[in-house]
Amino acid sequence: DGVFTATDRIGNTLSAPAAVFSNDGVETPYNDLTIDFDGSDVVNRAVVTALDGDTATATNAASIADYGYRTFTVDNSLLHVQNELDDFADWLLVPFPAPVFTSIQTSFPSCTTAQRNTLTTLDIGDTIEIEAAIPGTGGNKIQESAIEGIDATIDFRRGHTVRYYTSQTT
């Protein structure tokens with residue numbers, strides 16, 4: 001037809017990840033991970049207004065001190081009980097940036113033969129899964145990512161390393 005259709009690049013993938021990276025001793029190990037803390041989703045002041053005019057406001061003082069006011073407002077909420085409005089306002093708060101994995105590097109000598117074989121088949125557009133402990137967040141983060149770039153290096157001292165540049169899919 002000659003019709004070009006563009007779709008969002010961020011969204012759920014349709015297949016299982018082609019590779020899973022984790023330093024748990026089971027999945028493909030990695031030796032470098034780039035993490036961005038994007039503040040664009042920070043909400044440190046939430047205001048909810050019900051249809052009857054009642055309001056609830058939730059704030060996070062530490063986040064406001066770091067990022068200034070980032071307000072999210074909901075007007076004409078169908079909630080009408082004050083404690084429900086308060087709970088909803090609290091739930092809307094996202095006081096600190098969420099970590100996003102933007103690249104991961106692995107070294108072939110640290111991988112099994114099966115893992116190396118999988119790594120050699122990865123290409124731009126493939127989905128991978130990355131699991132990492134994020135300092136200061138109290139736990140692990142698991143993120144599915146689409147490969148947007150590949151950089152391979154062969155070094156006589158370290159062997160073959162590959163860095164995959166990624167974008168978050170979920």
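In strand 4, threonine 55 is the bridge partner of threonine 49. Before that, some housekeeping. This is a predicted model, so local features need pLDDT of at least 70 and side-chain atom pairs count only at pLDDT 80 or more, while totals for chains, interfaces and linings use all residues. Residues are numbered from 1 along each chain as its sequence is written, and side-chain values use heavy atoms, with hydrogens and water left out.

Strands (E, at least two residues) and helices (H or I, at least four) are DSSP runs, numbered from the N terminus. Two strands pair if DSSP finds at least two bridges between them.

Strand 3 and strand 4 are antiparallel, and five bridges pair them. Strand 3 covers residues 45–50, strand 4 covers 55–59, and strand 5 covers 71–77. Together the three strands make an open sheet in the order 4-3-5, with mixed pairing. Strands 4 and 5 are the edge strands, each pairing on one side only. From one strand to the next the twist averages 10°; for angles like this, axes are lines fitted to C-alpha atoms, for helices over the stretch in contact, and angles run from 0 to 180 degrees between N-to-C directions.

What lies across strand 3, strand 4 and strand 5? Helix 2 does, running at about 35° to strand 4. Helix 2 spans residues 82–92, and its buried residues are Leu85, Ala89 and Leu92. Buried here means under 20% relative accessible area, exposed means over 50%, and partly exposed is in between, using a 1.4 Å probe and protein chains only. Seen down the helix axis, those buried residues fall within an arc of 60°, so they line one face of helix 2; the arc is that of the directions from the helix axis to the C-beta atoms. You will remember the general rule: an α-helix has 3.6 residues a turn, so residues three or four places apart point the same way. The face of helix 2 turned away from the buried side carries Asp87 and Trp91, which are exposed.

For a view from the sheet side, take valine 74, which lies in strand 5. Valine 74 counts as buried because its relative accessibility is 18%. Leaving aside neighbours within four places in sequence, valine 74 is in contact (heavy atoms within 4.5 Å) with Val47, Val48, Thr49, Phe88 and Leu92.

Strand 2 (residues 32–38) pairs with strand 6 in the antiparallel sense over seven bridges, and phenylalanine 37 stands opposite proline 99 in strand 6. Strand 6 itself, residues 98–107, is largely enclosed by the rest of the structure, because eight of its ten residues are buried. Strand 6 also pairs with strand 9, antiparallel, over five bridges; there isoleucine 104 has tyrosine 164 in strand 9 as its bridge partner. Ten bridges pair strand 8 and strand 9 in the antiparallel sense, and a hairpin joins the two through three residues. Strand 8 (residues 139–155) runs antiparallel to strand 7 as well, with eight bridges joining them, and alanine 132 stands opposite lysine 141 in strand 8.

Which residues touch the most other members of the largest nonpolar core? Of its 17 residues, they are Phe21, Leu33, Ile104, Leu119, Leu122, Ile128 and Tyr164. By nonpolar core I mean a set of buried Ala, Val, Leu, Ile, Met, Phe, Trp, Tyr and Cys residues joined through side-chain atoms within 4.5 Å. Strand 1 (19–21), strand 6, strand 7 (127–134) and strand 9 each supply at least two residues of this core, and the largest share, four residues, comes from strand 7. Apart from this core lies another, of ten residues, including Ala46, Ala50, Ala89 and Leu92.

Last stop: threonine 166, in strand 9 (residues 159–168). Threonine 166 counts as buried because its relative accessibility is 8%. Its side chain reaches the backbone oxygen of phenylalanine 101 at 3.1 Å.

Definitions and conventions
A polar contact is a pair of N or O atoms within 3.5 Å; within protein, one must be able to donate a hydrogen and the other to accept it, and residues adjacent in sequence count only if both atoms are side-chain atoms.
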